[in-house]
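Hi,

Here is the structure I promised to pass on. Have a look at it first, and then read my notes below.

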Amino acid sequence: MKKILLLLLISISFSTITQAQHADRSKFIKDSLDFYISRALTNWRVPGVAVCIVKDNKIVLVKGYGIKELGLPNPVDVNTLFMIGSNTKAFTATALAMLQSNNKLSLDEKVTKYIPEFKLENKFAGQEATVRDLLCHRLGFQTFQGDFTFYNTNLTRQQVIAKLGELKAPYAFRTKWGYTNAAFLTAGEIIPRVTGGKSWEAYIKEAIFAPLGMTNSLTLTKDLPKSLNRTVPHTLIDGRLSAIPYCQLDGLAPAGAISSTANDMSKWVLALLNNGKVGNRQVIPQAAIQATREPQDIVGSQYHLTGENNFELYGLGWFIQDYANHRLVMHDGGVSGYLSSVTLSPQDNLGIVILTNTDQNVFYDALRWEILDAYFGRNYRNYSDNMLKEYKADVSTQQAADKKLRDSVLLNLRPALPANAYTGKYTNSIYGSMTVSQGENNDLEMRFEHHPTMFAKLQPLGGNRFYVTFSDPTLGKAVFPFTVLNGKVSSVKVKVADFVEFDPYEFKKE
């Protein structure tokens, strides 16, 4: 395994980090944080990270660590781009709240006022849903429902909105919180309806990026590969950390397409903590910021290593929780190859941004709590090492389960029917079509209508079950069972990683 920043670590004694347990916690940021992060990059196998801390309207730290891509010496700096995933949602919610402050719309107006063609399978919900409902995930959907159809696909935004209207929500309208990316896309598409045709991406640049001086940030994923100072996404493939292609999220852009830097994100956080002001300029109306922080839904309980158990709420594009008598406004972002977090403690005038270029780490979360505890004067808990133990145990369990399946494939178990009985075209009422054909070595291969560059390889496990590996590793590995009626294949259940969507899709054979 490659050891990130190994040469740096050789010259530093491990005692530095352990001494932090007994040191004045206020000195942790200045004296120990660099070593803490550098050590964690190696232990977690994170290629690069960018960190920003602001306190009392000043930047305490803005710094890049590690490298942009495995195998190359290019270091991360404060202007290196990372995809921030769902931290995009706070920009979208803030933009809509700004439009409300400017009397261009009301968050409590029905969605159909702005998008007349908007519909939901639950007719009443479709008629009554407000902009606020879109921004706080209370339409009745299960978390991530529909995302295999929407995530990293070739669907246009209008097609996503139309397909959202076909999803059958498992819960009654406004009775349960369920994280819905397509709802945020729908909210973002209200912007051109009230600004004379100005797209979501154009409005974000004009109303937020430009006045804040976020000159390096991008609104669309298609622009990231063209940028010179950018990280590369990474994930684990059969236990090895590997670079992967950028995901394409412009069809869901208001939910997760922004790429930014530690330096630019410091400007965003500084403005949010200063009631929307940059110097004497009121860039974001204070009322708009407050609107996004008002609790709308109960998400559930949040458990901490300290043993504390707090309620977690959701505002508009922000999670909200109390921690150690401090109100936190926060969000995480996860897309293929990237994980990030943005955390605000408004009463302390404290903001923290952490960006990483691998989707296989919980370090971005551990570092957040370590920094918060340092500022709140709490005992040092070494979240990184504690979370790493749990993470490794989970990975080990997953790898053992996967090895069992791979060993079963090596037994050359024959499927119940000839290979050509499984081939053909299949359809799902929400997703669309999928085809099964015979690929290399007569293994079956699936190709999906809306994922044109992705395929899945199927290897027999005996009977009508197949071990599946996706060409896109972020979709995971799975077992697909085919249903056979009267000697003929009638359908197959397709399941992707929970990272994308929890429930399987049934595709029926034509």
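Predicted model: local features only at pLDDT ≥ 70, side-chain atom pairs only at ≥ 80, totals over all residues.

Let's start with a term: buried means under 20% relative accessible area, exposed means over 50%, and partly exposed is in between (1.4 Å probe, protein chains only). Residues are numbered from 1 along each chain as its sequence is written, and side-chain values use heavy atoms, with hydrogens and water left out.

Cysteines first. Cys 247 counts as buried because its relative accessibility is 1%, and Cys 52 is buried too, at 0%. There are zero disulfides in the structure (pairs of cysteine sulfur atoms within 2.5 Å).

Now the inside. Beyond its neighbours within four places in sequence, Ile 208 is in contact (heavy atoms within 4.5 Å) with Phe 91, Ala 95, Met 98, Tyr 203 and Trp 268.

And Glu 109? With a relative accessible area of 30%, Glu 109 is partly exposed. Not counting residues up to four places away in sequence, Glu 109 touches Tyr 114, Ala 129, Thr 130 and Val 131. Its C-alpha atom is separated by 9.0 Å from that of Glu 128, 19 residues apart along the chain.

Cheers
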